[in-house]
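Dear colleague,

A summary of the findings on its side chains follows.

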Amino acid sequence: MAFLVFFLSNLVLTLFAAIITTFISPAAAGSGIPEVKAYLNGVDAPGIISLRTLIVKIIGSISAVSSSLLVGKAGPMMHIGACIASLLGQGGSRRYGLTWKWIRFFKNDRDRRDLVTCGSAAGIAAAFRAPVGGVLFALEEMASWWTSGLLWRAFFTTAVVAIILRALIDVCLSGKCGLFGKGGLIMFDVYSANISYHMADVPPVLLLGVVGGILGSLYNFLLDKVLRVYAIINKKSVTYKIFIACTISIFTSCLLFGLPWLASCQPCPLDSTEDCPTIGRSGNYKKFQCPPGHYNDLASLIFNTNDDAIRNLFSKNTDAEFQHSTMLIFFVTCFILSIISYGVVAPAGLFVPVIVTGASYGRFVGMLFSSHTNLNHGLFAVLGAASFLGGSMRMTVSLCVIILELTNNLLLLPMIMIVLLVSKTVADAFNGNIYDLIMKAKGFPYLEVHVEPYMRQLTVADVVTGPLQVCHGNEKVGNIVHILKTTNHQGFPVIDEPPHSESPVLYGLILRAHLITLLKKRVFLRTPVRIGSDSFRHFSADEFAKKGLGNVDKIEDIKLTEEEMEMFLDLHPFTNASPYTVVETMSLAKASTLFREVGLRHLLVIPKRTT
């Protein structure tokens, strides 16, 4: 009966998460970190930060995490923060009647990008109760464009998150949260004891880093292959997506319920600070099928939330709580389940599964070296989680600060730094960051931080392709319509030619959205003359503001007569007359660095004249 309840509840929750994700917002599937990272790098993929995605991400993440799938909530929370920030940046959602005029000043690409960066920092800060870690995560992993102004805005955002979290935790600590316990979200401040370590303790820590790097790179390799297989299957039909999710749920339920039978019962410790065995609530000592006064250590990890499992693994003074076989079984189970669970069509994070997996293998290594080191098993679990995070996600500073804020112990800093650096260095020799691999699998054209060596041997003239679509300062309406219908480009160079100038000269750049706005207003001229700033009286600033995701105008929606197609538009007043330009002989590596570091969307290449 217990298995039936466990099995059916998991299946129903997984099915619900898969159905709402598949039919309402497919963009809500997965972590969300690769999508938001791509957006901040300049890829405005459709629907990734819409209101619909936000709602599905919240509900679907709750269902997926509750369904016993080994998935986390840190990635979805970061995505939720980015969606909320984007909605604020576009003045709300007109489609659903949620608009605010007072924030219309943020309706432009730059402000929305900055808000999304702050939102992603807030999401990580809320997931781990790590405000400084959230800021550093956004800086190190997410944003390709960063300024001192953006830094303090992100810091202010995460500070507000920390205050609100603290207030909510205080409410729960007073016992007003009912079944939600006494404060949670993710509170891993379980390792606040003073510790001491010596040079003899360094070799096991270095070994943890090396093993973490190897395991992390293997994890990335296998996850990349599994995701590509899932992508092929998911393309066939919607039924396959939901079938895979249900199959993974059934497999997970059978595995999690069956494995504790392999573990032997342990007598309850006499000096335990909590009731043993634990019945009807969260705790370290699950009875499972054991006699009175005994507990099942593997069931204590499996039949708990991921947060409580991590708390159990990180706990101090629990060296005798787990067996060697239990740690090994739990590590292999988490490693496999986290890989196959991530690809299902439901909101799913990677952070918490990686922490659980790393903590279990770290504690196992601590058991093996217990007679040769002064460090206890809980500390080894913390360092194991750090090494596996470094090996799979390849971040250093932000992960170090997040782990310190989780464990609430600054004395761990040197050890965590060493483990992260070693694991990242080892893993970099095999493959790339897990989020970069996912972005490549999803087809996002992401610009890497470091340029490839071959780019230094090429110039920008070697990679530009033609024919180039340009607009003239006074352009015929028919030509503009033809350009917009035959290309998908978002910006076009504006050129002045004789008789309007002595020789062909680049005047600037005009955006596709602005051209469509001009066509909609039909401010046409019968002759190609410059009218200057007088044309502004026909427009308001809001008409040129960044449109919301569901309100983008399309050229196909504009109907023009034959007479209007023969008329002219003066583009000069609406053109950006100071675009970034480079000469055709510029190194491709330098141009790529400029494009990424300055946060550009368009870069114009002009010929190097000899006259």
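Which residues do ring pairs link into a cluster? They are Phe 3, Phe 6, Phe 7, Phe 257, Trp 261, Phe 288 and Phe 303. This is a predicted model, in which local features need pLDDT of at least 70, side-chain atom pairs count only at pLDDT 80 or more, and totals for chains, interfaces and linings use all residues. Residues are numbered from 1 along each chain as its sequence is written, and side-chain values use heavy atoms, with hydrogens and water left out.

Rings of Phe, Tyr and Trp (its six-membered ring) pair if their centres lie within 6.5 Å; planes under 30 degrees apart count as stacked, over 60 as edge-to-face and the rest as tilted. The count by this rule is 16 aromatic pairs. One of them, Phe 128 with Phe 351, is edge-to-face, at 5.1 Å centre to centre and 65° between the planes. This pair links positions 223 residues apart, in helix 5 and helix 13 (helices are DSSP runs of H or I, at least four residues, numbered from the N terminus). Both Phe 128 and Phe 351 are buried, that is, under 20% relative accessible area with a 1.4 Å probe and protein chains only, where exposed means over 50% and partly exposed in between.

The structure also holds one disulfide, defined as a pair of cysteine sulfur atoms within 2.5 Å. Cys 265 and Cys 290 form this disulfide, with sulfur atoms 2.1 Å apart. Cys 265 counts as partly exposed because its relative accessibility is 31%, whereas Cys 290, at 3%, counts as buried.

Notes. Helices (H or I, at least four residues) and strands (E, at least two) are DSSP runs, numbered from the N terminus.
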